[in-house]
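Me: I would like to learn how to read a structure like this one. Could you walk me through it?

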Amino acid sequence: MIDDITRISDAAPALVLAATTIDQLRGVESDLLGKRGSLTELKKGLGALDADGRREVGAALNVARASIEQVIETRRLELESVERAATIAAERLDLTEITTSRPRGTTHLVTQTWDRLVDVFVGMGFTVAEGPEVETDWYNFEALNIPAAHPARGMWDTLYVDLGDPETVLLRTHTSPVQIRVMTETPPPIYAVMPGRVYRRDTADATHMPVFHQIEGLVIDRAISFADMAGTLESFTSAYFGGSIHSRLRPSYFPFTEPSAEYDINCVFCEGKGCRTCSQTGWLELGGCGMVHPNVLRNVGLDGEEWTGFAFGFGLDRLALMRHGVDDIREMYTGDLRFLEQFPS
Ligand code: PHE
């Protein structure tokens, strides 16, 4: 019997190595060690031996079994790793492939401008805030020192929303209501810009769209002067348009600033010489600004003796058009790829 055991255990490694799949290995294992396997069959003969013989043959059987199990286990690990590598290779997906045949989009010129303006102002120490596009009468008008029936309401062609009492909820006509929200929510000092979409009951033409964008600015601190505003706006102008374009402030009127001004830059088309786009003036108007009105400070609970500040609101689309020398705002919104493709991001 010992000879039989030795023969089986000597032959086992070759059989095991001959198995090239996990399934085949399982077959070999059951042939050798299974219920009807050759070692198991031998074990059945133990009963016919005397005590010494049983001990000796039993021990040999155990040794043979252990060594065969060891060989099988080693082969199993080998085969498993081969099969895993095959599965991985078969399921491999190349995610790095880039097709050149399919065109890829870019961010819209409005988005690019929004990001760029925010970058410039963040570089000057401003934070960024946003407010809702559907506003109440309080934020859009009342808190900004524009009471109901005040003639100044005529400056904004308002789109009211059919919600609540008549003429109490509207699509914001400017980003100035975000000033009120920022001042109500954060204690001064405040240095913030507020980009956003605004709505007016306007007919589209070369310089107007019923939906467009503004970027609002607000500074509230101690002893802020008109000169601080002029300096800030001039720094912004050269940062955004480059050093050859300068700004000027022209007296104007807004209910929420006093004094108020229009912000103009040198015409980018004729560089000041006078052309059709700037109506021969050499200047382009990009928005309004001024010192925050004491009534506005009072409306948000700020002490006008302690805090002063300035605000500005510029047409974001217009800033983009002027920077790129485009003279029709409708180009921004027709979605014509021949236009958009000129501004890869
Ligand atoms: N909100 C004004 C407008 O839309 C612009 C403005 C903002 C003027 C802030 C002064 C101060 O015309």
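Reply: Gladly. Let us begin with residue classes: Ala, Val, Leu, Ile, Met, Phe, Trp, Tyr, Cys and Pro count as nonpolar, Asp, Glu, Lys and Arg as charged, and the others, Gly among them, as polar. This is a predicted model, where local features need pLDDT of at least 70, side-chain atom pairs count only at pLDDT 80 or more, and totals for chains, interfaces and linings use all residues. Residues are numbered from 1 along each chain as its sequence is written, and side-chain values use heavy atoms, with hydrogens and water left out.

Me: How do the residues lining the largest pocket divide into those classes?

Reply: The lining has 12 nonpolar, 14 polar and eight charged residues. A pocket here is an open set of points on a 1 Å grid over the protein atoms alone, where a 1.4 Å probe fits, with protein on both sides within 12 Å along at least five of seven lines; lining residues have an atom within 4 Å of a point.

Me: How much space lies in the largest pocket, and which residues lie nearest its centre?

Reply: Rolling a probe the size of a water molecule over the atoms shows where empty space is left. In this model the largest pocket holds about 740 Å³, the volume being the space filled by probe spheres set on the points, with grid points joined across faces, edges and corners. Of its 34 lining residues, R200, F212, Q214, E285 and G287 lie nearest the centre. Elements giving two or more residues to this lining include α7 (176-185), β6 (211-221) and β9 (283-292). The largest share, six residues, comes from β9. Helices (H or I, at least four residues) and strands (E, at least two) are DSSP runs, numbered from the N terminus.

Me: Is α7 mostly covered or mostly open?

Reply: Buried means under 20% relative accessible area, exposed over 50%, and partly exposed in between (1.4 Å probe, protein chains only). Eight of the 10 residues of α7 are buried, among them V178, I180 and M183. The buried residues of α7 pack against several elements, including β5 (190-199), β6 and β10, where contact means heavy atoms within 4.5 Å.

Me: Which helix holds I22, and which residues does I22 contact beyond its neighbours within four places in sequence?

Reply: I22 lies in α2 (residues 22-33). I22 counts as buried because its relative accessible area is 9%. Beyond those sequence neighbours, I22 is in contact with R76, L79, E80 and E83.
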